[in-house]
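Please look over the sequence and the structure shown here before reading on. The report that follows goes through a few selected residues, a core and a pocket in turn.

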Amino acid sequence: MADEKIIREIYGVKSVLDEAVERIEATWREKLLRETGDLRTENALLRAQLDEFNRKLVEARGRNEKIEADCNERIAFIEEKFELDTASLELENNELHAASVRYLADARELDRQVAQLHAEAVAMVDEIERLRGERDAALKAQAELNDALLAQRDLMAEVAALKDRLAATEQRAAVAEAKVEVMTQMKDE
């Protein structure tokens, strides 16, 4: 009789302990599921940010390539125009010099030619100044391109940082899922 009473008390204590273990397991399972959900949400947000930064990076690269192509095209045009204008002006200058030698004897003709050469020299200086202005504008555009390339490098650094954060979040999510699986296996046992 006393043994039966002890056995009943043991079964009563065992059932209370089993109940407590089930409640503890349920509480931990819920907590791990909540944490896993939070980590998945954070992971989704980080992926969205990463996608946005990647989109911006692609746009920045496109703009940089367009700016670079425009700059290269302008520089090539300005250099070609400068060379052609300089060659043309040199040729014209040579012709005027030959004419002044031929008409050296005629003072009036020489005065007229000197005045003409002076006016053309002023025009050449003006043209050279204009071409220098265009060259300076092209150099400024090149500097803007360099700034854009630096900004692109900064964006790439931000993308790398986001990727690092994403990897850390995925690792935490994997740990949380492993904990849930271990708790589930412990419960099943």
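This is a predicted model: local features need pLDDT of at least 70, side-chain atom pairs count only at pLDDT 80 or more; totals for chains, interfaces and linings use all residues.

Glu-73 has its place in helix H1. Although Glu-73 and Ala-138 are 65 residues apart in sequence, their C-alpha atoms are 9.7 Å apart in space.

## The largest nonpolar core

Which residues make up the largest nonpolar core? This core has five residues, namely Leu-46, Leu-50, Val-159, Leu-162 and Leu-166. Both H1 and H2 contribute to this core, each of them supplying at least two of its residues, and the largest share, three residues, comes from H2.

## The largest pocket

The largest pocket holds about 190 Å³ of space. The elements that give two or more residues to its lining are helix H1, which spans residues 2-102, and helix H2, which spans residues 107-188. Of these elements, H2 provides the largest share of the lining, with six residues.

The residues that line the largest pocket are Ile-75, Ile-78, Glu-79, Phe-82, Ile-128, Leu-131, Arg-132, Arg-135, Ala-138 and Leu-139. When this lining is divided by residue type, seven of the residues are nonpolar and three are charged, while no polar residue is found there. Ala-138, one of the lining residues, is also the residue whose C-alpha atom lies 9.7 Å from that of Glu-73.

## Aromatic rings

How many aromatic pairs are counted in the model? The count of aromatic pairs comes to zero under the rule applied here.

Terms used: Residues are numbered from 1 along each chain as its sequence is written. Side-chain values use heavy atoms; hydrogens and water are left out. On a 1 Å grid over the protein atoms alone, a cavity is a set of points where a 1.4 Å probe fits but cannot get out, and a pocket is an open set with protein on both sides within 12 Å along at least five of seven lines; lining residues have an atom within 4 Å of a point. Grid points are joined across faces, edges and corners, and a volume is the space filled by probe spheres set on the points. Helices (H or I, at least four residues) and strands (E, at least two) are DSSP runs, numbered from the N terminus. Ala, Val, Leu, Ile, Met, Phe, Trp, Tyr, Cys and Pro count as nonpolar, Asp, Glu, Lys and Arg as charged, and the others, Gly among them, as polar. Rings of Phe, Tyr and Trp (its six-membered ring) pair if their centres lie within 6.5 Å; planes under 30 degrees apart count as stacked, over 60 as edge-to-face and the rest as tilted. A nonpolar core is a set of buried Ala, Val, Leu, Ile, Met, Phe, Trp, Tyr and Cys residues joined through side-chain atoms within 4.5 Å. Buried means under 20% relative accessible area, exposed over 50%, partly exposed in between (1.4 Å probe, protein chains only).
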